[in-house]
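Subject: Handover of a protein structure

Dear colleague,

Please find the structure below, together with its sequence. I would be grateful if you read the notes that follow with both in view.

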Amino acid sequence: MSVIKNTSLIVIDYIKKSLSLCNLNKNESQGFISPMSKLRFMPFTRVIVPFSLGRTVRGLSFNKNFMLDPYGKLCMDIFNGADHKDIISDLLITFKKEKDLRAADIVHLRNNIKLRKYPAWAIVMPWEKLSIEEKFESYPDIFYKNRSSKDLTFENRSRLSIIETMYSSKSLESKVNQMKKLFKSIKRHGLKKNTNLPKINILVKANEWRWFMGDAGNHRSYICSCFDFEIFEGRVSSIIYKNEVNSWPNVKNSTYSSEEAENIFDSYFDGSNVLRGIV
């Protein structure tokens with residue numbers, strides 16, 4: 001199945017490239033929508049976007065608020081050769097603060113009754129297809145599978161043990177080591193070219209657009225930003241239109257009101273606040 005998928009992506013990428021749709025025009029590069037934008041931002045297709053319009057997965061501008069993102073700061077600490085113990089100690093403070101937070105705290109909606117019922121790590125955005133109930137049930141197993149492949153050891157496979165490990169010092173150590181390893185690889189060899197591109201999402205507000213990182217390739221985005229890359233190559237995961245707020249899955253199911261959802265959208269668009277946890 002993966003072979004078929006990769007072949008399809010190669011064909012799609014070739015067609016898009018042959019039609020000169022991978023690169024943005026001048027207006028698009030400045031953050032404005034043009035008549036061809038829908039074709040350039042088609043889901044599953046490759047596109048080259050400027051970091052000046054980019055947001056981290058936590059909703060922060062790469063250019064203006066990068067250091068407010070815990071992993072942005074981690075990346076810069078590695079870039080600047082900070083002591084390993086100091087890096088761990090610094091991030092551990094953030095881990096400890098977040099461990100007892102609720103999802104409502106993460107998105108600054110402390111009066112949202114539904115979000116207050118769930119831990120910070122279960123947060124979902126208004127436009128995501130996954131509900132907070134589904135995230136709460138599935139994420140520990142996803143975390144286990146993902147971090148096990150990154151040399152993190154678990155006491156056992158129980159849900160409680162996995163959740164405890166999420167905010168442990170050894171989990172933090174694993175994350176730091178992963179970032180360092182990829183940092184060294186990109187510094188030495190550059191970015192590898194393949195169809196497994198980082199996933200990005202497109203935000204559209206009136207006649208303007210921005211992009212933010214999806215659920216794959218985040219470490220690459222942080223490192224490229226640290227190296228002052230001007231552009232970033234990704235694969236479009238979704239296009240989110242602000243004027244369609246009432247049709248977003250987690251607005252329709254009443255996890256968010258339309259006003260709350262719009263405020264989160266605007267925050268991502270502006271790149272001004274942390275809206276996801278560190279786990």
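In these notes, helices (H or I, at least four residues) and strands (E, at least two) are DSSP runs, numbered from the N terminus. Residues are numbered from 1 along each chain as its sequence is written. The model is predicted, and local features need pLDDT of at least 70, side-chain atom pairs count only at pLDDT 80 or more, and totals for chains, interfaces and linings use all residues, while side-chain values use heavy atoms, with hydrogens and water left out.

The chain as a whole

The protein chain holds 13 helices and 5 strands. Its radius of gyration is 19 Å, close to the 19 Å that the globule rule gives for 279 residues, so the chain is as compact as a globular protein of that length. That radius is taken over C-alpha atoms, and the globule rule is 2.2 Å times the number of residues to the power 0.38. Along the principal axes, the C-alpha atoms fill a box of roughly 50 × 45 × 40 Å.

Of the 279 residues, 49% count as buried. Buried means under 20% relative accessible area, exposed means over 50%, and partly exposed lies in between (1.4 Å probe, protein chains only). A contact means heavy atoms within 4.5 Å. Among contacts with a separation of 6 or more, 64% are accounted for by residues 24 or more positions apart.

The chain carries 44 positive and 30 negative side chains, and the centres of the two sets lie 5 Å apart. Here Lys and Arg count as positive and Asp and Glu as negative, whereas His and the chain ends are not counted. The place of each charge is taken as NZ of Lys, CZ of Arg, CG of Asp or CD of Glu.

Helix 13

Helix 13 covers residues 258–270, and at 1.5 Å a residue its 13 residues should span 18 Å; the end C-alpha atoms are 18 Å apart, which agrees. The expected span is 1.5 Å times one less than the number of residues. The buried residues of this helix are Glu260, Ala261, Ile264, Phe265, Asp266, Ser267, Tyr268 and Phe269. They pack against strand 2 (54–55), strand 3 (199–205), strand 4 (208–213), strand 5 (231–241) and helix 12 (249–252). After helix 13 comes Gly271, whose phi is positive, near 70°.

Two loop residues with positive phi

Ser254 sits in the loop between helix 12 and helix 13. Its phi is near 70°, a positive value in a residue other than glycine. With a relative accessible area of 55%, Ser254 is exposed.

Ala206 belongs to the loop between strand 3 and strand 4. Its phi is near 55°, again positive in a residue other than glycine. Ala206 is exposed, at a relative accessible area of 76%.

Three further residues

Trp209 is part of strand 4. Is Trp209 buried or exposed? At 0% relative accessibility, Trp209 counts as buried. Trp209 and Gln30 are 179 residues apart in sequence, yet their C-alpha atoms are 9.1 Å apart in space.

Arg40 lies in helix 3 (residues 37–40). Its relative accessibility is 8%, so Arg40 counts as buried. Leaving aside residues up to four places away in sequence, Arg40 touches several others, including Lys16, Glu28, Thr45 and Val47. The C-alpha atoms of Arg40 and Ser254, 214 residues apart along the chain, are separated by 32 Å.

Lys150 is placed in the loop between helix 8 (132–148) and helix 9 (159–166). It is partly exposed, with a relative accessible area of 30%. Not counting residues up to four places away in sequence, Lys150 touches Ser174 and Gln178. Between the C-alpha atoms of Lys150 and Asn273, which are 123 residues apart along the chain, the separation is 29 Å.

Yours sincerely
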